[in-house]
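These are review notes on one structure, written for a reader who is new to the subject. Please keep the sequence and the model in view while going through the points.

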Amino acid sequence: MNFFRAAWRSVRLAGMFVRFGAELALTRPSTREARADWLHRFCATAMREMGIEISVAGSFPERGAVISNHLSYLDIVVFAAVHPCVFVSKAEIRSWPVVGWMTTMSGTVYVERGHGGSAMKARAEMQAALDAGLPVVFFPEGTTSNGNGLLKFHSGLLAQAMDGGAPVTAACLRYELREDNGAGVSVADDVCYWGDRNMLGHVFTFLGLRGVRAEVRFAEEPMEFSSDVLHRKRAAVEARAAVAALRTNTFREGEQVAGEMHHF
């Protein structure tokens, strides 16, 4: 990690927040579509200016729910950079520096664990986004990991999406470092964000990295579940298997396996 690169990118990123924040304050977009478009332009600009490459295999669904593995705060930025969308996330995200403000202003649906009625409220807001024609993205693992495997998928949000009749499409994220960043630097520790870590320190370290590349693959078709929403745990197992299949069959270490890659 290069300290001066991280410092310079931090300044540039702050400038982008000022620019896009001012736009948001002046235009005050009132619709979900307008806010999703604002986030899309913001994230696409940030990825380009930070030198982070995004490769996409398959097509981002134009409607319905998208589920993916969860590796970092960067996941939200990557998906938003590829296509306007709405996120469903744990309420703790609101307190995250930078990302929390960004997701809140863009209309993210928050779920508060252990609070009665939170799931039903989330369902109503998810349905409103779906009715507006926006894909809704969420991460059934519920937390991030270092990418070595998939965690258990939780069924709550998946059941809400299924109950609303939304098609559910699997996606998979993978990160790699295409340039040498020095001894001890790894994707698992310096790109993925997991465990009890200082977020600001991690972000600063991340901004100093070179050659970061995100790869996203979308399934060709929405999932077909073997049962209905009443068997939500079985649906969660099947959803996890669909994401695991993309992870196994699509991304070998440093190699594109299937599907044309579109670069952003």
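1. Contacts across the chain. Pairs of residues 24 or more positions apart make up 75% of the contacts in the protein with a separation of 6 or more, where contact means heavy atoms within 4.5 Å. The model is predicted, and local features need pLDDT of at least 70, side-chain atom pairs count only at pLDDT 80 or more, and totals for chains, interfaces and linings use all residues. Residues are numbered from 1 along each chain as its sequence is written, and side-chain values use heavy atoms, with hydrogens and water left out.

2. Overall make-up. The protein has nine helices and 10 strands; helices (H or I, at least four residues) and strands (E, at least two) are DSSP runs, numbered from the N terminus. Of its 264 residues, 48% count as buried. Buried means under 20% relative accessible area, exposed over 50%, and partly exposed in between, with a 1.4 Å probe and protein chains only.

3. Helices α1 and α2. The axes of α1 (residues 3-27) and α2 (residues 32-49) come within 11 Å and cross at roughly 165°. That makes α1 roughly antiparallel to α2. Axes are lines fitted to C-alpha atoms, for helices over the stretch in contact, and angles run from 0 to 180 degrees between N-to-C directions. Angles under 35 degrees count as roughly parallel, over 145 as roughly antiparallel, 65 to 115 as roughly perpendicular and the rest as oblique.

4. What lies between them. On the α1 side, the contact includes Leu13, Met16, Phe17 and Phe20, and on the α2 side it includes Trp38, Phe42 and Ala46. The residues of this contact of α1 with α2 divide into eight nonpolar, one polar and five charged. Here Ala, Val, Leu, Ile, Met, Phe, Trp, Tyr, Cys and Pro count as nonpolar, Asp, Glu, Lys and Arg as charged, and the others, Gly among them, as polar.

5. The loop residue Arg28. Arginine 28 sits in the loop between α1 and α2. Arginine 28 has a positive phi of about 45° although it is not a glycine. Is arginine 28 buried or exposed? Arginine 28 is exposed, at a relative accessible area of 66%.

6. Helices α2 and α3. The axes of α2 and α3 come within 7 Å and cross at roughly 110°, and the two helices are therefore roughly perpendicular to each other. Leu39, His40, Cys43, Ala44 and Met47 in α2 meet Leu74, Val77, Ala80, Ala81 and Val82 in α3. By class, this contact of α2 with α3 has nine nonpolar residues, one polar and no charged.

7. Burial of α3. Nine of the nine residues of α3 are buried, so α3 is largely enclosed by the rest of the structure. Among the buried residues of α3 are Ile76, Val78 and Phe79.

8. The cores. In soluble globular proteins, nonpolar side chains tend to be buried together. A nonpolar core is a set of buried Ala, Val, Leu, Ile, Met, Phe, Trp, Tyr and Cys residues joined through side-chain atoms within 4.5 Å. The largest nonpolar core has 51 residues, of which Phe79 and Phe206 touch the most other members. α1, α2, β1 (53-57), α3 (74-82), β6, α8 (199-207) and β7 (212-218) each supply at least two of its residues. Which helix gives the most to this core? α3 does, with eight residues. A second, separate core of 30 residues includes Ala65, Val86, Ala122 and Met162.

9. Helix α6. Met162 is also one of the buried residues of α6 (residues 156-163), along with Leu158, Ala159, Gln160 and Ala161. Just after α6, glycine 165 takes a positive phi of about 80°.

10. Leu173. Leucine 173 belongs to strand β6 (residues 168-177) and is buried, with a relative accessible area of 2%. Leucine 173 and histidine 70 are 103 residues apart along the chain, yet their C-alpha atoms are separated by 7.6 Å. Leaving out residues up to four places away in sequence, leucine 173 touches residues including Leu71, Val78, Phe79 and Val216.

11. Ser186. Serine 186 is in the loop between β6 and α7 (187-190). Serine 186 counts as partly exposed, at 23% relative accessibility.
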